[in-house]
Amino acid sequence: SMTAPFRSITSTMSTKISTSIAIFLVAVWIVKALQSESEWLEWKAQHTRRYASVEEEMARYKTWQRNKQFVDEHNSQADAIGYHVAMNHFGDLTLGEFLERYGTPQRYSMHSGNVTSSTNVKVFVPPVDLTYTDQLDWR
């Protein structure tokens with residue numbers, strides 16, 4: 001019958017198209033990985049970063065990638081948000097490491113709104129019913 005050769009040709013074409021798409025996606029992934037690694041090496045040189053071991057470098061690279069992803073995603077919406085962000089010398093630190101080194105002794109939970117302190121620092125917590133005026137005359 002005529003349909004058997006047609007099915008064979010269609011199946012072969014479908015396999016070739018699927019293989020081509022897979023090759024293309026792998027190529028895109030490789031290009032992105034090389035670009036990311038190149039940006040990492042440039043960032044490390046700019047901020048004179050050296051790590052004690054390959055394991056530490058890999059961990060810092062993963063952290064840097066997550067931070068870079070945040071920057072890229074934020075900046076893709078920056079017009080709506082109103083400002084841009086950029087990678088800086090803190091790019092290889094997790095949020096926890098950054099707060100541990102440079103944060104204040106207080107801890108703020110964004111989910112519950114609770115403020116607690118690990119030292120005797122007093123933290124202002126506004127009353128629930130507090131309202132603010134739209135304008136203030138500072139004269």
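Contact here means heavy atoms within 4.5 Å. Keep that in mind for tryptophan 40. One caution before we start: this is a predicted model.

So, what does tryptophan 40 touch, leaving aside its neighbours within four places in sequence? The contacts are Tyr51, Glu57, Arg60, Tyr61 and Trp64.

Now look at the rings. Ring pairs join Trp40, Trp43, Tyr51, Tyr61 and Trp64 into a cluster. Those five residues, Trp40, Trp43, Tyr51, Tyr61 and Trp64, also make up the largest nonpolar core. Which helices each supply at least two residues of this core? Helix 1, residues 3–46, and helix 2, residues 54–76. As background, nonpolar side chains in soluble globular proteins tend to be buried together.

Next, helix 2 itself. Its buried residues are Arg60, Tyr61, Thr63, Trp64, Lys68, Val71 and His74. Let's check its length. Helix 2 has 23 residues, and at 1.5 Å a residue they should span 33 Å. The end C-alpha atoms are 32 Å apart, so the two values agree.

Back to aromatic pairs. How many does a search of the whole structure find? Eight. One of them is phenylalanine 90 with phenylalanine 98. The centres are 4.9 Å apart, and the planes make an angle of 75°. That pair is edge-to-face, because the angle is over 60 degrees.

Are these two phenylalanines buried, or partly exposed? Phenylalanine 90 has a relative accessible area of 23%, so it is partly exposed. Phenylalanine 98 is at 28%, so it is partly exposed too. The cut-off for buried is under 20%.

Terms used:
Residues numbered from 1 in each chain as written. Predicted model: local features only at pLDDT ≥ 70, side-chain atom pairs only at ≥ 80, totals over all residues. Heavy atoms only, no water. Phe/Tyr/Trp six-rings, centres within 6.5 Å; stacked < 30°, edge-to-face > 60°. Buried < 20%, exposed > 50% of the residue type's maximum accessible area, 1.4 Å probe, protein only. Core = buried A, V, L, I, M, F, W, Y, C linked by side-chain atoms within 4.5 Å. Helix = DSSP H or I, 4+ residues; strand = E, 2+ residues; numbered from the N terminus. Expected span 1.5 Å × (residues − 1).
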